[in-house]
Amino acid sequence: MLKIRSDLPLRGDSSSRFVFWLVAILVFMAALAVTANSYVEALLTGWNQSVTGTLTIQIPTDDSATNNADDVENLLNILNAQESAVSATVVPAEKMSELLEPWLGDSTLITDLPLPLLIDVQLTANTPDAVQTIVDLTKKTAPHAIIEDHRVWLNRIVGLAEGFSAIALSVMALVTGALGLIVVFATRASLTEYTQTIDVLHIVGAKDGYVAGQFARRALVQGVFGGIAGLALYGPALAAIAWLSSRVQEGLLPDVSLPIKHWLIILALPVIAGILAMVTANMTVRRILALKI
């Protein structure tokens, strides 16, 4: 650690010997929580951009291929003539096979399945009225069709994402509280251990602020270096998670790039831990010394 001049032998303080590693563990947990929250937010943003303003219409297959073809052709003509729809197109069989390949594999099984015909509808506006217009027209033209409103699915995903975010924020709050408690108890123990030395400093004219500054600087160094050690643990853990996810068949897990804001927050965690430890130690020492007067 950095050598900082001190009138108290705090570097040999046995009560705070494990503070460094405890801070490292807490910063490691905080980094994982921030990463999980950022991943969910990025994933949700990607899904929202890809499904907003779209509907999917399924035309189930039956024994009458002619009726299916007629239903699809009539429905396409009607939908493309509506102002509320930008376009309505049939999803090619190759695209459907590509979507099912991660789940069923690259085999002839996909082509042998009685897959429904899919119509992808792009809306001019993602409003309830526009959606209802398409639904009503579809039900009149093809009563057996199934309409998938992606907003319903997306709202459920949003609820799940909000749950993950709440958990991540709870973890961050617990980590912050735990860090504060660790610094408080370590500082109290140090004050007890160096009571006589502090009394001597007071006799020679040292103020409470000076004594508090000694502990605050020590806490700052422990917090920053402990946070750096936590990030050193976080790096291999993140690499291991990325490697394990790469072994999953392509298409099952979405490829999401974490935003630059996430990495800035990760890099700032040691500084945040150091400042929090410094402020907590300073306040703790001042309060205890003030009560002794």
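## Exercises on a predicted model

The largest cavity has a volume of about 50 Å³.

**Exercise 1. Find which residues line the largest cavity, and sort the lining by class.**

Solution. Start with the count: the search gives one cavity of 30 Å³ or more. Next, pick out the residues around the largest cavity. The lining is made up of V19, V183, A186, T187, F215, R218, A219, Q222 and A281. Now sort by class: six of the lining residues are nonpolar, two are polar and one is charged.

**Exercise 2. Work out which helices supply at least two residues each to that lining, and which element gives the largest share.**

Solution. Two helices supply at least two lining residues each: helix 6, spanning 150-193, and helix 8, spanning 208-246. Then look for the largest share. Helix 8 provides it, with four residues.

**Exercise 3. Search the whole structure for aromatic pairs and classify what you find.**

Solution. The search turns up one aromatic pair. The ring centres of F20 and W21 are 4.9 Å apart and the ring planes stand at 85°, so the pair is edge-to-face; the cut-off for that class is over 60 degrees. F20 has 18% relative accessibility and counts as buried, because buried means under 20%. W21, at 51%, counts as exposed, since the limit there is over 50%.

**Exercise 4. Place V91 in the fold, then decide: buried or exposed?**

Solution. First locate the residue: V91 sits in the loop that runs between strand 2 (85-90) and helix 3 (93-104). Its relative accessible area is 19%, so V91 is buried. Next, list the contacts, leaving aside residues up to four places away in sequence: V91 touches M96, L118 and D120. Finally, take one of these partners and compare sequence with space. V91 and L118 are 27 residues apart in sequence, yet their C-alpha atoms are 5.4 Å apart.

**Exercise 5. Step back and describe the whole protein: how many helices and strands, and in what pattern?**

Solution. Count the elements to get nine helices and four strands. Reading along the sequence gives α-β-α-β-α-α-β-α-β-α-α-α-α. For burial, 37% of the 293 residues count as buried. For contacts, take those with a separation of 6 or more: residues 24 or more positions apart account for 86% of them. To finish, the accessible surface comes to about 17,200 Å², and carbon and sulfur atoms hold 64% of this area.

Terms used
Residues numbered from 1 in each chain as written. Predicted model: local features only at pLDDT ≥ 70, side-chain atom pairs only at ≥ 80, totals over all residues. Heavy atoms only, no water. Buried < 20%, exposed > 50% of the residue type's maximum accessible area, 1.4 Å probe, protein only. Contact = heavy atoms within 4.5 Å. Areas by Shrake-Rupley, 256 points an atom, 1.4 Å probe, with all protein chains shown as cover. 1 Å grid on protein atoms, 1.4 Å probe; cavity = no way out; pocket = protein on both sides within 12 Å on 5 of 7 lines; lining within 4 Å. Points joined across faces, edges and corners; volume = space filled by probe spheres on them. Nonpolar A, V, L, I, M, F, W, Y, C, P; charged D, E, K, R; others polar. Phe/Tyr/Trp six-rings, centres within 6.5 Å; stacked < 30°, edge-to-face > 60°.
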